[in-house]
Amino acid sequence: VVAEAAELKAHPLWARLGERRHAFFPHPSKPTRQAAVLIPVPFGTAPGTRELVIEAASGAEAQRISFVVVRGTYPTLPIRIPKRIAEPSAEEKARAARERAEILAIQAEPASDRLWNNAFQDPVPGIVTCGFGATRKFNGVTQSVHKGIDLRAATGTPVHAPAAGTVRLAKELFYGGNLVYLDHGFGLFTSYAHLSRLEVAVGQSVKPGQLLGLSGATGRVNAPHLHWGASIEGVEVDPRELKRWTALLVGETRPSSRTTHRGASH
Ligand SMILES: [Zn+2]
């Protein structure tokens, strides 16, 4: 959602969807005049009409926007993985829970600036081998819904930052293996899992296209690939949607988008 709004610091603007409240950030291409907000709709939301309420910090309601949530179709994929990984021990489960808590603590303290300026780009050139929302049956047992996308990448493929951000985590986790967790500001985070090598450290600022690490097969995987995750204020979203919406926001004033190039021969 884009709104006319100047001086957000003095006059914050919020979009409320149910229990969740999202802060508007300075628009990437018109930061002094407009504000924008990316609204995540959680996976599993029941289809139907929803209402977004735009409100100023004073509590004054500015606008109500109705939209319709439609049912998506998501595949079920059988995946074979070694039993020792499919059935973690109590100790491993405790470790995974501690690591999950660590991620939640980071999400609770996002950068307060919009750190990204460009449309998000693919971290590796590979095709999507497992999409967002796929239900995975590990060794015949339904275990989880895939809250990210898997991109085909042979071990050693360079993994690049899709946009500017700050490294908030760069270490080995039980499920994710070697993982980089990027903070892009205003509650937007992305993650890069199963890396064979980490090339960044916590606290480091990264530019779009900067090398984060090399892809691999660490953590809970059956083959090398890059797992790319994204979340907005704790709600996991499809990174491909992030690419689409950031491109839309950034592209609005791009002169090339107004120019139509047609081939002369047809
Ligand atoms: Zn994955």
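Visitor: Which spacing do the donors of the zinc ion follow along the chain?

Guide: Happy to start there, bearing in mind that this is a predicted model. The protein donors are His146 through NE2, Asp150 through OD and His227 through ND1, lying 1.9 to 2.1 Å from the zinc ion. Read along the chain, these donors give the spacing H-x3-D-x76-H.

Visitor: Where do His146 and His227 lie, and how many residues apart are they?

Guide: The pair links distant parts of the chain. His146 is in the loop between β11 (141-145) and β12, while His227 belongs to strand β20, and they stand 81 residues apart.

Visitor: Is His146 buried or exposed? And is His227 buried or exposed?

Guide: The cut-off for buried is under 20% relative accessible area. His146 has 1% relative accessibility, so it falls under that limit. His227 has a relative accessible area of 15%, so it too is buried.

Visitor: Which residues touch the most other members of the largest nonpolar core?

Guide: That core has 18 residues. Elements giving it two or more residues are β12 (149-151), β14 (165-173), β15 (177-185), β16 (188-195) and β20. The residues that touch the most other members are Val180, Leu182, Tyr192 and Leu212.

Visitor: How many residues are in the second, separate core?

Guide: Phe25, Leu188, Val237 and Val250 are included in this second core. Its count of residues is 13.

Visitor: How many bridges join β6 to strand β7?

Guide: Strand β6 (residues 48-56) also pairs with strand β2 (residues 13-17), antiparallel, through four bridges. In that pairing, Trp14 stands opposite Glu55. On the β7 (residues 61-69) side, Gly48 has Val69 as its bridge partner. The β6 and β7 strands run antiparallel, and the number of bridges joining them is eight.

Visitor: Is Asn222 buried, partly exposed or exposed?

Guide: Asn222 sits in the loop between β19 (211-214) and β20 (226-232). Its relative accessible area is 48%, so Asn222 is partly exposed.

Visitor: How far apart in space are Asn222 and Ile81, C-alpha to C-alpha?

Guide: Asn222 touches Ile79, Arg80 and Ile81. In sequence, Asn222 and Ile81 are 141 residues apart. In space, their C-alpha to C-alpha distance is 5.4 Å.

Key. Residues are numbered from 1 along each chain as its sequence is written. This is a predicted model: local features need pLDDT of at least 70, side-chain atom pairs count only at pLDDT 80 or more; totals for chains, interfaces and linings use all residues. Side-chain values use heavy atoms; hydrogens and water are left out. Buried means under 20% relative accessible area, exposed over 50%, partly exposed in between (1.4 Å probe, protein chains only). Contact means heavy atoms within 4.5 Å. A nonpolar core is a set of buried Ala, Val, Leu, Ile, Met, Phe, Trp, Tyr and Cys residues joined through side-chain atoms within 4.5 Å. Donors are N, O and S atoms within 2.8 Å of the metal (3.2 Å for Na, K and Ca); water is not among the atoms, so sites may look incomplete. Two strands pair if DSSP finds at least two bridges between them. Lists of a residue's contacts leave out its neighbours within four places in sequence.
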